[in-house]
Amino acid sequence: HLFLAYVALKGAFGDSGGPAGGGQQTGEAAGTVAAMPGGDILLYLVGLGFLLAALSQAKKAYTAHFMAELDPDVPRLAEPIGRVGFGARAIVFLVIGWQILSHMLAGRPEAVGGIEQALTSLRDTGWLFTLVAIGLLLFGVYSLVMARYRTIRDDDIIARLKAQVR
């Protein structure tokens, strides 16, 4: 996610931020998949999957249920940082899903791009692009917080440990 934020910030300052031809390779791969039997259906499902993933990320941003996975002593800033990060991910997934479906509906599977194309398309929005870049950076920070404060519970192990103590 830090890399995605880096690519987005580089793009904001006029550099595409990705390897040359990366979007073209994605389009070629999508065109190859579309040419296979049932490939069109698979690409539609991938686009729909990204839209559903966007909805899931937006729900996490809104409800903040991700905080239940963290220790109670997590810093208070973890919640707003996580909300912004999940919201940014929702926007990126939404754009990717929308682009896949719109290119497929237009009959141009070779025009399907990846994350770089999604971030590049956001560049024209200015303020939204900047917010997404900051949000992805904050999701990277939240991921570090989660790596430190994540609670991993296995009730079977806890029950066995309690039984051994008795």
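Helices here are DSSP runs of H or I with at least four residues, strands are runs of E with at least two, and both are numbered from the N terminus. The model you are looking at is predicted, so local features need a pLDDT of at least 70 and side-chain atom pairs count only at pLDDT 80 or more, while totals for chains, interfaces and linings use all residues. Residues are numbered from 1 along each chain as its sequence is written, and side-chain values use heavy atoms, with hydrogens and water left out.

**The overall layout**

- The protein has seven helices and zero strands, so its elements read α-α-α-α-α-α-α from the N terminus on.
- Of the 166 residues of the protein, 34% count as buried; buried means under 20% relative accessible area, exposed means over 50%, and partly exposed lies in between (1.4 Å probe, protein chains only).
- The accessible surface of the protein comes to about 10200 Å², and 66% of that surface belongs to carbon and sulfur atoms. Accessible areas come from the Shrake-Rupley method with a 1.4 Å probe, and for residues only the protein chains shown count as cover.
- Take the contacts (heavy atoms within 4.5 Å) between residues at least 6 apart in sequence: 72% of them join residues at least 24 apart.

- Helix α4 has 28 residues, which should span 40 Å at 1.5 Å a residue, and its end C-alpha atoms are 40 Å apart, which agrees. The expected span of a helix is 1.5 Å times one less than its number of residues.
- Helix α6 has 23 residues and reaches 32 Å from its first C-alpha to its last, close to the 33 Å expected.
- Several residues of α6 are buried, including Phe129, Val132, Leu136, Phe139 and Tyr142.
- Gln99 has its place in helix α4 and is buried, with a relative accessible area of 11%. Not counting residues up to four places away in sequence, Gln99 touches Gln117, Ala118 and Ser121.

**The nonpolar cores**

- In soluble globular proteins, nonpolar side chains tend to be buried together.
- A nonpolar core is a set of buried Ala, Val, Leu, Ile, Met, Phe, Trp, Tyr and Cys residues joined through side-chain atoms within 4.5 Å.
- The largest nonpolar core of this model has 13 residues, and those with the most contacts inside it are Phe66, Met67, Leu70, Val74, Phe86 and Tyr142. Helices α4 (78-105) and α6 (127-149) each supply at least two residues of this core, and its largest share, four residues, comes from α6.
- Apart from this core lies another one, of 12 residues, with Leu43, Val95, Phe129 and Val132 among them.
- Which residues does Met67 touch, not counting residues up to four places away in sequence? Met67 touches Val74, Ala78 and Glu79.

**A loop residue with positive phi**

- Ala64 is found in the loop between α3 (39-63) and α4.
- Phi of Ala64 is near 60°, a positive value in a residue other than glycine.
- Is Ala64 buried or exposed? Ala64 is buried, with a relative accessible area of 9%.

**Salt bridges**

- A salt bridge is a side-chain nitrogen of Lys or Arg within 4 Å of a carboxyl oxygen of Asp or Glu, and by this rule the count comes to two.
- Arg150 forms a salt bridge with Glu69, the closest N and O atoms being 3.8 Å apart. This pair links distant parts of the chain, 81 residues apart: Arg150 is in the loop between α6 and α7 (155-165), and Glu69 is in the loop between α3 and α4.
- Arg150 is partly exposed at 39% relative accessibility, and Glu69 is partly exposed at 34%.
- Glu79 and Arg83 also meet in a salt bridge, at 2.9 Å from N to O. Because they are four residues apart in helix α4, about one helical turn separates them.
- Glu79 counts as partly exposed at 29% relative accessibility, and Arg83 is partly exposed with a relative accessible area of 29%.

**A nonpolar patch on the surface**

- Ile41, Leu45, Leu48, Leu52 and Leu55 form a nonpolar patch on the surface, with about 520 Å² of accessible area together.
- Patches are made of residues with over 30% relative accessible area and no salt bridge; like charges are joined within 9 Å, and nonpolar side chains (Val, Leu, Ile, Met, Phe, Trp, Tyr) within 5 Å.
- Leu48 is found in helix α3 and is partly exposed, with a relative accessible area of 41%.
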